[in-house]
Amino acid sequence: MATVSMKKERMKGTGIRKGRAAITFNILGYSFVGLTALICLLPFIFMISGSFSSEKEILLHGYSLLPREFTLEAYSTVFRFPEKIIRAYGVSVFITAVGTGIGLFILTMAAYVMSRQDFKYRNVLSFFFYFTTLFNGGMVSTYIFYIQYLHLKDSILSLILPGMLSVFNMLIMRSFITAVPSALIESAKIDGAPEFTIFIKIIMPLLKSGLATIGLFMALHYWNDWYNAMLYLNSEEKYPLQYMLYDLLNQAQSLARIAAQSGVPMDNLPTNTLKLAMAVVATGPIVLLYPFVQKYFVKGIAVGSVKG
Amino acid sequence: MKKKLLSIALAVAMVMSALTGCGNTADQKAKPKEEKEETTAESEESEPGAEGENAETEEAAATTAAELDLSKQVEIVMYYLGTEPAGQQVIWDQLNEILLDRLNCTLKVNFISFADYPNKYPLLFSSGEEFDIAYTASFLNYSSLALKGAFMELDELWPMYAPKNYALASETAKKQAKIGGVTYCIPSLNRTYSAYGPIYRKDLVEPYGFTKEIENFEDVEEYLDIIKENYPEMQPLSIYSMGSDVDDCFMYYNGMYPIKGSQNDFFWIDPTEENPQIITYYEYEKTPEFLEMMNRWNEKGFYPKSALSDTDSKKFNNGIAPMLMHNVDNYVSSAVNNPEWDVHYANFATDISNLSFTQDAMVISNTSKNPERALALWDLLTTDEEVFDLFYYGIEGTSYELNEKDEITMIDTDNYSTSSMWAVRNSEYLKNSVGTPDHYGELKDEWNAYIKEDQGAQKYRSFVVDTTAVETEYSACLNTHQQYWWPLELGYTDSEEGLKEYQSMMEAAGIEKVREELQRQLDEYVAGLQ
Amino acid sequence: MRVHFQNFRKELKKNKALFLMALPAVLIVLVFSYLPMSGLVLAFKEYRYNKGVFGSDWNGLANFRFLFSSGVGWKITQNTIFYNLINLVTSQGLAIIIAVIISEIKVIPYKKITQSVIFFPYFISWVIVGTFVYNIFNYETGLLNTIITGLGGEKINVYSIPWVWPIIICIFNSWKWCGYNSVVYIAAVTGVDAECYEAAEIDGANIFQRIRYITLPGIRATVITMLLLNVGRILRGDFEMFYQIVGNNGQLFDATDVIDTYVFRSLTTSANLGMTAAATFYQSVLCFIIIMTVNGIVKKIDKDYALF
């Protein structure tokens with residue numbers, strides 16, 4: 001806190017040239033970011049307003065900023081069986097919390113080991129992990145292996161375990177840890193602290209923004225994953241929310257493909273408004289996670305606080 | 001925990017053997033063999049019953065079925081596409097009561113969502129999961145899967161354990177079920193027709209003096225002109241990202257037959273020829289005429305200029321487009337759902353025939369432990385009207401109602417729907433929906449009178465294409481066809497130059513090799529007919 | 001060999017704790033990624049369902065033929081690399097710019113709101129983006145043509161002009177990922193030592209100089225990691241994005257077909273699992289060669305920045 005206020009005082013006393021640069025930056029930067037934000041916001045508004053519109057209006061006039069012919073019909077369809085949606089929420093929250101919690105810890109430990117300059121096999125280890133992003137067994141053998149040997153068919157674990165360690169996230173985490181001055185670790189070691197204690201007491205607190213970032217990514221990954229549910233789950237009571245969304249969004253396309261190749265008539269396809277309403281319901285709570293995580297992205301907190 | 005360690009150890013062993021390329025693989029191979037031996041052994045046991053098979057009378061059939069060992073209660077697992085309706089359990093319970101009583105078994109149905117089938121369906125057969133019955137269809141690549149050994153061979157099992165079904169299946173259906181001389185599926189008992197043509201709303205055009213029935217493409221154009229002029233907000237003809245059906249309609253109209261027997265094909269024959277030669281679009285003399293017409297339609301704005309990126313497949317149903325080219329089933333359901341639209345239909349397929357009975361079919365998985373019981377169950381579902389009604393429509397008063405004409409209305413559609421196990425359908429038992437146009441019955445009678453097994457297109461209905469030998473080229477051709485023909489047939493590209501480009505790309509993809517192979521098979525088939 | 005083993009034992013003894021810390025991650029990756037990898041053999045087999053992955057007969061390179069018959073393989077490989085390169089430059093570039101600006105913004109509510117809003121597109125699935133794209137660009141009622149005709153211009157049929165599609169796809173890709181990617185860089189900026197900034201203040205550096213000499217060098221490790229990670233998947237196309245934006249529009253295939261979309265179309269017509277495996281294997285091998293080369297070069301220049 002002290003450093004921040006000191007900084008502010010110094011800022012006041014800077015020269016005119018510096019002030020002009022700051023003004024230029026502020027005008028350009030604020031408007032650039034503002035404009036980008038606007039472009040990012042618009043489709044979201046279209047989505048929400050579309051979900052409250054009547055199907056016919058969307059078909060005839062396309063999407064608009066405000067709902068045309070406001071109706072809650074789509075939502076009442078989504079919640080026709082409210083217990084289904086609520087249970088799906090439960091599943092999604094469960095796998096996201098458990099998967100992110102355990103996965104983040106394991107991933108960060110491994111990333112820390114890879115970042116240690118004095119660890120001889122750090123490159124071997126990195127390559128061991130990285131190799132899996134290049135080569136994978138493919139859908140068929142992975143599926144067979146998970147089902148026959150790991151018995152993951154219709155198990156909630158199939159939603160948690162396979163996606164637990166993203167090597168991408170691990171390597172990004174490593175790059176964050178690399179930024180922590182190695183002198184800190186050295187001095188702790190000299191003080192005789194065990195490795196694990198160094199990791200927990202020194203590295204973890206310094207990594208707040210890194211942990212927040214990767215934790216956020218992992219949580220989003222778990223929340224948005226429908227693929228494993230699609231492959232491994234059979235019973236409806238284990239479906240996460242995103243799988244229900246995926247199913248709804250893609251049914252029409254798949255049925256169209258079937259109808260084009262065979263004679264099946266297509267009735268009762270999900271309407272556009274229903275798709276949008278389901279999308280809003282499925283993304284709703286996770287959107288709020290980001291602002292929550294944001295508070296960990298405070299500049300200068302990392303090294304300064306420890307040293308000071 | 002121990003079990004898990006063991007399985008991991010097993011897995012490691014599996015990997016090792018894969019790396020060395022031998023060893024354990026023998027075990028893997030042996031498995032299906034054993035199973036096969038088992039089944040042949042069992043069918044030998046019941047040989048005495050099979051002898052009566054030639055007679056194919058119900059009695060003989062009954063004695064065969066009686067030989068089925070019912071002593072052990074089993075659960076038959078069935079997979080098909082669709083989503084389980086919310087109230088379905090009531091129906092399962094009632095069905096299982098009957099099944100326990102008659103066959104000492106229960107039925108467990110697993111659903112594969114429509115959204116998942118491209119990924120999940122092939123995996124089903126590769127995972128080694130034990131199940132008995134699955135739905136199959138040409139769009140699920142039935143023949144390709146059959147040739148790759150996904151299904152159990154049914155030549156002996158079908159007549160033995162599903163004798164009534166076997167007796168009811170037509171000779172054509174039995175031939176269609178065979179690939180390379182082996183029966184891999186049980187086709188549906190549902191007779192469908194190759195009718196194809198414009199489904200259109202009459203209510204919109206009558207005020208503008210269009211009162212006649214559509215009979216040809218000139219009439220279609222006239223109709224679309226009227227719509228375009230008077231209903232500027234509409235898209236006159238429903239076309240979306242799966243390509244248009246106008247080309248198929250045009251070919252059917254001219255009496256041509258697609259050798260694969262379904263839409264979106266690029267090989268055609270003229271069934272009136274004695275030894276038909278396979279031709280493709282750029283060799284057909286009427287193609288330039290067709291493309292000219294489509295170019296005109298495109299310029300007139302009968303459909304969006306970017307229809308191939310438009311995913312809205314329900315333009316007719318939601319009232320955006322008043323005309324759609326499709327089959328007769330679609331006509332019936334459109335007419336039933338929208339009585340106020342005065343929906344009419346014109347069949348453009350001049351040489352009408354029955355669609356392949358394998359369009360909807362049932363297969364027994366290679367991993368099935370109880371194929372005999374599964375077939376007996378299938379026999380019951382498809383040939384006992386009471387059981388069929390329960391399985392397909394549900395419970396009267398709960399999921400459906402009948403009127404005095406024995407026409408059906410589905411009720412409480414939030415909780416119930418007709419089954420999407422389409423292979424179970426039997427023309428005898430299917431009920432018309434309330435509101436089915438009388439025209440439909442007339443058309444069916446007309447078609448039934450027209451169709452002769454040894455004439456016209458019907459003669460080629462039992463010809464089953466086997467593309468295994470030219471799989472690479474065939475797949476490349478399908479891709480090329482989609483890339484170049486679809487925009488061309490919609491008049492998006494210049495008709496002359498586009499056709500030339502299409503030809504050269506198809507040739508590069510290896511169409512000649514595919515044609516040679518298929519022509520050989522066709523010649524063989526024709527020779528076999530005599 | 002024995003020397004290696006002795007070295008390993010020595011290292012194990014010295015860094016026992018580090019080995020233990022990496023162990024959970026190693027085990028998970030081993031079980032969930034390496035063991036199913038045995039399925040790679042499928043690419044060289046004529047797969048039969050009744051024989052299984054390992055029991056099926058070898059068929060040499062026959063599965064690879066479908067990619068290269070009719071000369072499509074080269075075209076789609078080119079397209080895949082092309083799209084990945086432009087997407088890499090634009091989306092990462094945009095993300096870095098946004099991250100740098102956002103971390104300089106002093107008005108906290110503005111900072112927080114824009115930062116959250118820019119993240120929104122990530123939550124909108126490609127299916128929905130696809131319908132938006134169609135709503136903007138379709139000839140008859142599209143937003144673009146409505147604006148053009150409103151200004152008195154001639155309608156444009158965007159769907160018949162293949163060359164604009166790389167631009168459209170690139171814009172939508174950047175739009176979708178800029179928020180997600182910028183989080184990594186924002187986190188990296190917070191990790192930059194605060195003392196450096198203080199020193200810069202004292203030296204009277206203006207805001208642009210501060211970014212140029214402190215912020216950007218400070219996040220270099222993260223930037224390079226992100227670039228390398230993306231180069232490592234340069235042959236993988238984002239199937240959903242291409243499929244949902246372009247659909248079945250053959251007119252655009254020459255400009256927009258990537259390996260993944262081509263394979264998908266082939267699969268829906270022929271259910272040949274060996275072909276998919278072959279395509280994946282081809283992608284993996286090329287990725288492997290490319291990343292080994294690029295990583296090797298990076299390693300030569302600065303050892304610390306290499307992935308492994």
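Predicted model: local features only at pLDDT ≥ 70, side-chain atom pairs only at ≥ 80, totals over all residues.

A: Residues are numbered from 1 along each chain as its sequence is written, and side-chain values use heavy atoms, without hydrogens and water.

Q: Which segments make up domain 2 and domain 3 of chain B?

A: Domain bounds come from an automatic or database domain assignment; here domain 2 of chain B comprises 194-240 + 312-351, and domain 3 comprises 245-302 + 467-530.

Q: How many residues of domain 2 of chain B are in contact with domain 3 of chain B?

A: Contact means heavy atoms within 4.5 Å, and 20 residues of domain 2 of chain B meet 17 residues of domain 3 of chain B in this way.

Q: What area is buried between domain 2 of chain B and domain 3 of chain B?

A: Buried area is the accessible area (1.4 Å probe) that two parts lose on being put together, summed over both; for this pair of domains it is about 1700 Å², with carbon and sulfur atoms giving 67%. On the domain 2 side of chain B, Tyr196(B), Phe217(B) and Glu221(B) lose the most area to domain 3, together 39% of what that side buries.

Q: How many salt bridges does the rule find across this interface?

A: A salt bridge requires a side-chain nitrogen of Lys or Arg within 4 Å of a carboxyl oxygen of Asp or Glu, and the rule finds three between domain 2 and domain 3 of chain B. Asp225(B) forms a salt bridge with Lys300(B), where the closest N and O atoms are 3.2 Å apart.

Definitions and conventions: Chains lettered and ligands numbered in written order.
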